Structures are given as C-alpha cells and as structure tokens.
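Please look over the sequence and the 3D structure shown here before reading on. The briefing that follows starts with one residue and then moves through the topics in turn.

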Amino acid sequence: MSFPSTLLTAAEPAAAEQSVGTPMLWAVTIAGVLAMFALDFVLTRKPHEVSMKEAAGWSAFYIALPLLFGVFVWTQYGGDRGLEYYTGYLVEKSLSVDNLFVFMLLLAAFAVPDALKQRVLLIGVAGALVLRGIFIAVGAQLIAMFSWTFLLFGVILLATAVKVLKDAMSDEDEAVDIGSLRTVKVLRRFFPVTEDYRGPNLTVREAGKRALTPLGLVAVAILGTDIVFAVDSVPAVFGITGDAYLVFATNAFALLGLRALYFVLEGLLGALRHLGFGLAAILAFIGVKLVLHWAHGIWPGTPEVPTLASLGVIVGILGLVTVTSLFANRRDRVAQAIQEPEGTPPETVDSDRS
C-alpha cells in the first residue's frame with residue numbers, strides 16, 4: 001500500500017486562512033496586554049489578602065473584556081472568525097480553570113501566606129503568557145510548513161486526554177511533595193533557601209550571599225508547570241482556529257483574569273468534582289478534530305468538524321459535568337445527613353464541663 005507523498009513532506013498551509021492580525025492590531029493587543037499586567041503588578045505591589053468582593057469585581061472585568069473584544073472581532077471580520085474566537089476562548093478558559101487546581105496544590109504545599117498568593121499567581125500568569133507566545137509562534141510556523149503538524153497536535157491532545165482521565169478517575173487525594181520537584185532540587189544545589197518568607201521578595205542577601213526565599217521557589221515551580229500547560233493549551237486552540245492572532249488573543253484573555261479567578265473559585269473548585277472528566281472529553285474531541293483536519297488534507301473525502309459544532313460540543317460537555325457535579329454533591333450531602341443520628345450533640349461540645 002502506498003501513501004501520498006504529502007504525509008511526510010512539506011505541504012500547503014493546512015490552515016490557509018488570512019490572519020486578521022495586522023501589524024497595528026498585533027501592536028495594540030500586545031501593548032494592551034502589557035498594560036494590564038503592569039496594572040496588576042502595581043495593584044499587588046503592596047501584599048494584602050484579597051476579599052471575595054475584590055476578586056469578584058476583577059473577575060467580572062476580565063470576563064467582560066474578552067466578550068466585548070469578541071464583538072469587535074465578529075463585526076470587523078465576520079461571524080466565522082467571531083465564532084472561532086469565542087470557541088477558542090471558551091476552551092482556553094476551561095483549561096485555565098483546571099490549571100487553578102495545580103496552582104492551589106503548589107500554594108498549599110509551600111504554605112504561601114494569603115497576602116502573597118496574588119503576587120505568585122501573577123508571576124505564574126506572566127510566565128505562562130510568554131511561554132505560550134513562543135509555542136504559538138513555533139506552532140504557527142510548523143502548521144504553515146508541514147501538514148503533519150495537525151496530526152502531531154492531535155496525538156498530543158489525545159495523550160493528554162488519557163492522562164487527565166486517569167487523574168480524574170483516581171480516588172487518591174492529590175498532593176505535592178516539594179522535595180521531589182525537579183526545579184526545587186536544582187535550585188537548592190546552587191542557592192541557599194531562607195527558612196521563612198520575606199514579604200514579596202523572591203531573593204534576599206544573607207551573610208553576603210544571595211539566597212532564595214520560599215516565594216522564589218514556588219514562583220519557579222509554577223513557571224515549570226506553565227510549560228506543561230502550554231503544551232496542552234496551544235494545540236487545543238489551534239484545533240479551533242489556524243489564525244495565530246486569534247490563538248494568542250484567546251490565550252492572553254484567558255490568562256489575564258486567572259489571578260482574580262483563583263480567589264473566586266478557591267473555595268468552589270472542589271464542587272466541580274467531574275471537571276476532569278469534562279476536560280478529558282474536550283481534549284479528546286479536539287484531538288480527533290485535528291486528526292480529521294489533517295486527514296482531510298490528504299484524503300478530501302474525510303469529514304471535518306465545523307466550528308459551530310465544536311462550540312456546541314464543548315458547551316454541552318461543560319454544562320453536563322457541571323450538572324452532574326452539583327447532583328453528586330447534593331446526593332453526598334443527603335447521604336451524610338441520613339447517616340448522622342438525629343440529636344447527636346456537636347463534636348465541639350466539651351462533655352467534661354460540669
């Protein structure tokens with residue numbers, strides 16, 4: 001059996017769509033993103049605990065901003081591009097929520113004080129955006145040169161979906177062993193580490209030597225996880241649109257609000273107990289979509305998944321896992337209430353007092 005030569009050779013761009021990203025639009029977007037990060041760094045310059053009201057207000061702003069930008073894309077460049085943008089943003093936002101689980105584990109493992117959490121998150125978000133920008137540039141170039149890039153991205157997403165599914169099916173509580181983190185091991189070989197936090201400082205000078213603070217360690221650990229997140233998220237959004245500008249915009253908007261969203265969802269993410277299953281399904285779906293897109297370029301009779309259908313599937317999966325999570329939580333609360341004997345005095349009551 002002979003295979004078409006385009007399987008292994010350079011091909012016409014599989015996503016040969018004219019990018020909406022003009023030099024001016026790129027410049028304005030990047031300047032806007034940098035301005036938002038500068039504002040965030042100013043706001044977090046003085047460490048403080050973030051109230052729910054403050055977090056909710058900023059989260060609402062960072063959700064309204066990309067929604068309004070989507071209106072601009074829709075009106076300026078047509079409904080197809082607008083649909084690609086909104087679908088890509090929904091995928092990236094969903095993956096960013098899953099990333100918050102890892103952030104929570106790391107911040108808890110390092111016992112980061114509440115007043116310093118937003119500074120750590122902001123450093124992680126900034127690192128994630130830089131890494132994803134690099135991945136987007138490389139990915140867009142590969143797509144333009146080789147048709148098999150879609151197949152590669154599809155395989156990466158399918159493998160990631162399997163890992164996410166295994167993690168979701170595991171009944172064991174996740175934990176982070178700080179000493180086992182490779183980044184921490186490497187850093188401790190070259191730098192001494194202080195025993196306590198020193199405000200927002202990542203490093204301090206002690207006994208004439210530069211030493212890392214625990215805040216510096218957790219920042220590096222989060223930056224290390226950003227690489228893994230980029231490998232997952234960039235191929236996922238390329239499965240929605242081949243426009244590098246829209247890929248960057250959806251990633252940037254999803255990341256910008258991550259710091260505030262953390263504090264809104266910190267106590268609520270546990271309620272989304274089936275989110276892992278939903279994300280595994282979404283990643284697998286987009287992986288199959290990418291493989292079909294690659295195959296369509298080789299065998300034109302291969303069907304493709306329209307963007308509108310992709311949006312419907314993704315929204316449906318997220319809605320389903322939300323409903324099933326809430327139902328499972330309610331069922332557990334009812335079962336717990338039935339098992340508890342009526343009239344049992346609270347455990348906090350001190351029976352020795354008399």
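Is D114 buried, partly exposed or exposed? D114 is partly exposed, with a relative accessible area of 39%, where buried means under 20%, exposed over 50% and partly exposed in between, taken with a 1.4 Å probe and protein chains only. This is a predicted model, in which local features need pLDDT of at least 70 and side-chain atom pairs count only at pLDDT 80 or more, while totals for chains, interfaces and linings use all residues. Residues are numbered from 1 along each chain as its sequence is written, and side-chain values use heavy atoms, with hydrogens and water left out.

**Overall make-up**

- The protein has eleven helices and two strands, these being DSSP runs numbered from the N terminus (H or I with at least four residues for helices, E with at least two for strands).
- Read from the N terminus, the order of the elements is α-α-α-α-α-α-β-β-α-α-α-α-α.
- Of the 354 residues in the protein, 42% are buried.
- Among contacts with a separation of 6 or more, 80% are between residues 24 or more positions apart, a contact being heavy atoms within 4.5 Å.

**Salt bridges**

- Side chains of opposite charge can pair when their charged atoms come close.
- Seven salt bridges are found in a search of the whole structure, each being a side-chain nitrogen of Lys or Arg within 4 Å of a carboxyl oxygen of Asp or Glu.
- R259 and D40 are joined by a salt bridge, with 2.9 Å from N to O; R259 belongs to helix α9 (residues 258-265) and D40 to helix α1 (residues 23-43), so the pair ties together parts that are 219 residues apart in sequence.
- Both partners are covered, since R259 is buried with a relative accessible area of 4% and D40 is buried with a value of 1%.
- D114 pairs with K117 in a salt bridge whose closest N and O atoms are 3.1 Å apart, and both residues lie in helix α4 (residues 114-145), three residues apart, or about one turn of the helix.
- An α-helix has 3.6 residues a turn, so residues three or four places apart point the same way.
- K117, at 11% relative accessibility, counts as buried, whereas D114 is partly exposed.
- In the salt bridge of R331 with D332 the closest N and O atoms are 3.8 Å apart, and R331 counts as partly exposed at 48% relative accessibility, as does D332 at 33%.

- N251 is placed in helix α8 (residues 244-256) and is buried, with a relative accessible area of 0%.
- Leaving aside residues up to four places away in sequence, N251 touches E92, R132, I136, S233 and V237.
- Helix α9 is mostly covered, with eight of its eight residues buried, and these buried residues pack against α1, α2 (52-77), α3 (79-109), α4 and α8.

**The pair α5 and α10**

- The axes of helix α5 (residues 149-169) and helix α10 (residues 275-298) come within 8 Å and cross at roughly 165°, the axes being lines fitted to C-alpha atoms over the stretch in contact, with angles from 0 to 180 degrees between N-to-C directions.
- This angle makes α5 roughly antiparallel to α10, a term used for angles over 145 degrees, with those under 35 counted as roughly parallel, 65 to 115 as roughly perpendicular and the rest as oblique.
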